[in-house]
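Biologist: Can you walk me through this one? I have the coordinates open and would like to go over them piece by piece.

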Amino acid sequence: MNQTAIQYRANRQFTLDQATAEEALTLDSTYSEAWTTLAAVSIGLQNYEAAVQHAQRAIRLDESNAAGWFNLAFASEELGKYGEALGAYKASVEADSAFVPGYSAWGSRLIAMGQPAEALNVLQRGFSVAPNDPRRFLLFKNIGKAHLALGNPQGAVGPLEESLRLNN
């Protein structure tokens with residue numbers, strides 16, 4: 001189910017993605033990944049309240065579901081619940097210590113909340129645990145943003161250039 005759902009979501013085929021997850025849940029209502037998929041579909045459809053509910057269900061079923069925590073954080077952030085988002089982003093990397101999207105989004109949220117120095121610590125931790133992850137361009141991007149927020153445009157240039165290079 002996972003690969004099919006990911007492909008549907010990548011192509012913005014939310015109805016098919018949702019149908020795949022719902023079919024899986026008819027077979028096993030305790031399948032955490034299917035609830036995570038429903039949360040991601042809800043995010044794609046900008047129904048953040050539903051996304052929170054689905055993500056919470058996924059996490060209750062499997063507290064080690066990093067994507068479930070990430071979806072909860074993202075939806076909470078979109079609802080303006082920044083403290084809850086920070087906690088859920090942190091939980092996503094506690095669930096999977098090499099989950100680069102969690103470190104990146106956590107750092108980005110800290111920057112937006114005026115805590116760029118703390119963000120740099122989080123983002124550097126992401127590098128230390130996942131130095132070869134193909135999504136590390138996200139970390140470079142946010143390291144650049146943190147340097148800009150700290151008033152250090154020279155420190156931002158290298159990381160932003162590396163982010164662009166890796167994302168092409």
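**Going through the model**

Modeller: To begin with the contacts in the protein: of those with a separation of 6 or more, 44% are between residues 24 or more positions apart. Keep in mind that this is a predicted model.

Biologist: How many helices and strands does the secondary structure come to?

Modeller: There are 10 helices and zero strands. From the N terminus on, the order is α-α-α-α-α-α-α-α-α-α.

Biologist: And what percentage of the residues count as buried?

Modeller: The protein has 168 residues, and 45% of them count as buried.

Biologist: Which residues in the largest nonpolar core touch the most other members?

Modeller: That core has 34 residues, and the ones touching the most other members are L72, A75, Y89, W106, L110 and L139. At least two residues of this core come from each of α3 (32-44), α4 (48-61), α5, α6, α7, α8 and α9. The largest share is from α7, with six residues.

Biologist: What does L110 touch, not counting residues up to four places away in sequence?

Modeller: L110 touches L86, Q115, P116, E118, A119 and V122.

Biologist: Which residues are in the other core?

Modeller: The other core lies apart from the largest one and has six residues, among them A24, A34, W35 and L38.

Biologist: I was also looking at T36. Where is it found?

Modeller: T36 is in helix α3. It counts as buried because its relative accessibility is 5%, and the cut-off for buried is under 20%. Leaving aside neighbours within four places in sequence, T36 is in contact with A58, N65, A67, G68 and N71.

Biologist: New topic. How many salt bridges does the structure hold?

Modeller: Four. One of them is between the side chains of E77 and R109, at 2.8 Å, N to O. That pair links distant parts of the chain, with E77 in helix α5 (residues 66-78) and R109 in helix α7, 32 residues apart.

Biologist: Are E77 and R109 buried or exposed?

Modeller: E77 is buried, with a relative accessible area of 18%. R109 is buried too, at 9%.

Biologist: What about K90, which residue does it form a salt bridge with?

Modeller: K90 pairs with E94, and their closest N and O atoms are 3.9 Å apart. The two are four residues apart in helix α6 (residues 82-95), so about one helical turn separates them. K90 is partly exposed, with a relative accessible area of 40%, and E94 is exposed, at 56%.

Biologist: And which residue does R135 form a salt bridge with?

Modeller: With D133, the closest N and O atoms being 2.9 Å apart. R135 is partly exposed, with a relative accessible area of 33%, whereas D133 is buried, at 12%.

Biologist: Why would such side chains pair at all?

Modeller: Side chains of opposite charge can pair when their charged atoms come close.

Biologist: Moving on to α9. What should it span, and what does it span?

Modeller: Helix α9 (residues 137-149) has 13 residues, so at 1.5 Å a residue it should span 18 Å. Its end C-alpha atoms are 18 Å apart, which agrees.

Biologist: Which of its residues are buried, and what do they pack against?

Modeller: The buried ones in α9 are F137, L139, F140, N142, I143, G144, A146 and H147. The buried residues of α9 pack against α7 (100-112), α8 (116-129) and α10 (153-166). Just after α9, G151 takes a positive phi of about 75 degrees.

Biologist: Last one. How much space lies in the second largest pocket, and what lines it?

Modeller: About 190 Å³. The lining is F70, E77, Y89, P101, S104, A105, S108, R135, L138, K141, N142 and K145. At least two residues of that lining come from each of α5, α7 and α9.

How values were computed: Residues are numbered from 1 along each chain as its sequence is written. This is a predicted model: local features need pLDDT of at least 70, side-chain atom pairs count only at pLDDT 80 or more; totals for chains, interfaces and linings use all residues. Side-chain values use heavy atoms; hydrogens and water are left out. The expected span of a helix is 1.5 Å times one less than its number of residues. Buried means under 20% relative accessible area, exposed over 50%, partly exposed in between (1.4 Å probe, protein chains only). Contact means heavy atoms within 4.5 Å. A nonpolar core is a set of buried Ala, Val, Leu, Ile, Met, Phe, Trp, Tyr and Cys residues joined through side-chain atoms within 4.5 Å. On a 1 Å grid over the protein atoms alone, a cavity is a set of points where a 1.4 Å probe fits but cannot get out, and a pocket is an open set with protein on both sides within 12 Å along at least five of seven lines; lining residues have an atom within 4 Å of a point. Grid points are joined across faces, edges and corners, and a volume is the space filled by probe spheres set on the points.
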